[in-house]
Amino acid sequence: VTRGTPAARAAKAATATIPIVMAAIGEPLDVGVVASLARPGGNITGLSAFVTELSGKRIELLKETFPSVSTVGFLNNLGNPVAPPQWEATRAVASQLRLTAELFDVRSEADIVQAFSTMVDKRLGALSVGIDFLIQAHAARIVELAAQQRIPTAYPTREMVEIGGLLSYGVNYPRLYFRAAGLIDKIFKGASSGDLPVEQPTKLELLVNLRTAKALGIELPPTLIARADEVIE
């Protein structure tokens with residue numbers, strides 16, 4: 001059982017016989033993991049976290065929430081093969097919305113700290129954070145720095161909003177892991193992993209943290225709050 005694109009690629013490279021279940025992978029196609037979602041082939045199946053499309057959706061959400069924003073940033077580790085398509089989606093949507101997009105490619109905690117310093121110089125209006133093991137390992141630091149710089153930030157996971165992030169839009173990762181157990185059960189009962197379709201998220205969730213909004217002096221639109229799946233007050 002793997003979590004993340006690097007782990008899935010490493011597992012596939014290690015064995016062509018042991019069944020592999022991806023509890024979550026950012027984007028299973030075009031990264032050398034599966035041939036198709038419907039028939040992944042080989043010895044691997046699992047669940048997609050839909051991250052490429054969601055990167056663009058978070059830019060739309062930021063522009064809708066903060067209409068005066070003209071420059072948005074994207075923070076992620078582009079050393080992860082699933083990250084460059086997230087940046088391309090971010091840039092494409094930003095262009096459609098007539099926004100300037102700035103990339104902050106981080107490979108270490110020191111890079112993260114430097115990135116937030118650079119954001120001030122670039123007068124960043126809002127920030128979108130991608131999903132990666134480095135981002136998750138330093139989630140608390142990222143949330144802290146975004147608050148210090150008073151940058152409205154959209155995050156990829158609910159967990160980052162629960163620790164003080166402003167808002168998030170994405171999949172519920174614990175729910176994906178729960179669903180992965182069902183695939184594991186099918187394999188133990190004789191199913192071939194390569195014949196089990198790679199599943200996509202059945203639900204996306206929007207979380208907002210009103211305590212953080214108040215601390216930042218931000219008034220979130222009532223329409224955003226009304227459609228949120230969860231509001232932290």
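Is Glu 88 buried, partly exposed or exposed, and what is its relative accessibility? I looked this up in the predicted model: Glu 88 has 40% relative accessibility and counts as partly exposed.

**Entry 1: the partner of Glu 88.** I found that the side chain of Glu 88 meets that of Arg 91 in a salt bridge, at 2.8 Å from N to O. I placed both residues in helix 3 (residues 83-96), where they lie three residues apart, about one turn of the helix. Arg 91 is also partly exposed, at 40% relative accessibility.

**Entry 2: a pair in helix 2.** I next examined Glu 60 and Lys 57, whose side chains form a salt bridge at 3.9 Å, N to O. These two residues are three apart in helix 2 (residues 51-65), so about one helical turn separates them. I noted relative accessibilities of 34% for Glu 60 and 43% for Lys 57. Glu 60 therefore counts as partly exposed, and Lys 57 likewise counts as partly exposed.

**Entry 3: Arg 179 and Glu 199.** I then asked which residue forms a salt bridge with Arg 179. The partner is Glu 199, and the closest N and O atoms are 2.7 Å apart. Arg 179 belongs to helix 8 (residues 173-188), whereas Glu 199 sits in the loop between helix 8 and strand 9 (204-209), so the pair ties together parts that are 20 residues apart in sequence. Arg 179 has a relative accessible area of 19%, which is under the 20% limit, so Arg 179 is buried. Glu 199, at 25%, counts as partly exposed. I also recorded one network, in which salt bridges with shared partners join Arg 158, Glu 162, Glu 205 and Glu 230. The structure holds 13 salt bridges.

Entry 4: I traced an open sheet of seven strands in the order 5-4-6-7-8-9-10, with mixed pairing. Strand 5 (100-105) and strand 10 (230-232) stand at the edges; each has a single partner strand, so one side of each lacks a neighbour in the sheet. From one strand to the next, the twist averages 20°. Strand 8 (residues 167-171) and strand 9 run antiparallel and are joined by five bridges. Within this pairing, I noted Glu 205 in strand 9 as the bridge partner of Gly 170.

**Entry 5: helices on the sheet.** I returned to helix 3, which lies across strand 4 (71-76) and strand 5 and runs at about 175° to strand 4. Helix 6 (residues 139-148) also packs on the sheet, where it touches strand 4, strand 6 (126-129) and strand 7 (153-155). The direction of helix 6 makes about 160° with that of strand 7.

Key
Residues numbered from 1 in each chain as written. Predicted model: local features only at pLDDT ≥ 70, side-chain atom pairs only at ≥ 80, totals over all residues. Heavy atoms only, no water. Salt bridge = Lys/Arg side-chain N within 4 Å of Asp/Glu carboxyl O. Helix = DSSP H or I, 4+ residues; strand = E, 2+ residues; numbered from the N terminus. Buried < 20%, exposed > 50% of the residue type's maximum accessible area, 1.4 Å probe, protein only. Pairing = 2+ DSSP bridges. Axes fitted to C-alpha atoms, helices over the stretch in contact; angles between N-to-C directions. Contact = heavy atoms within 4.5 Å.
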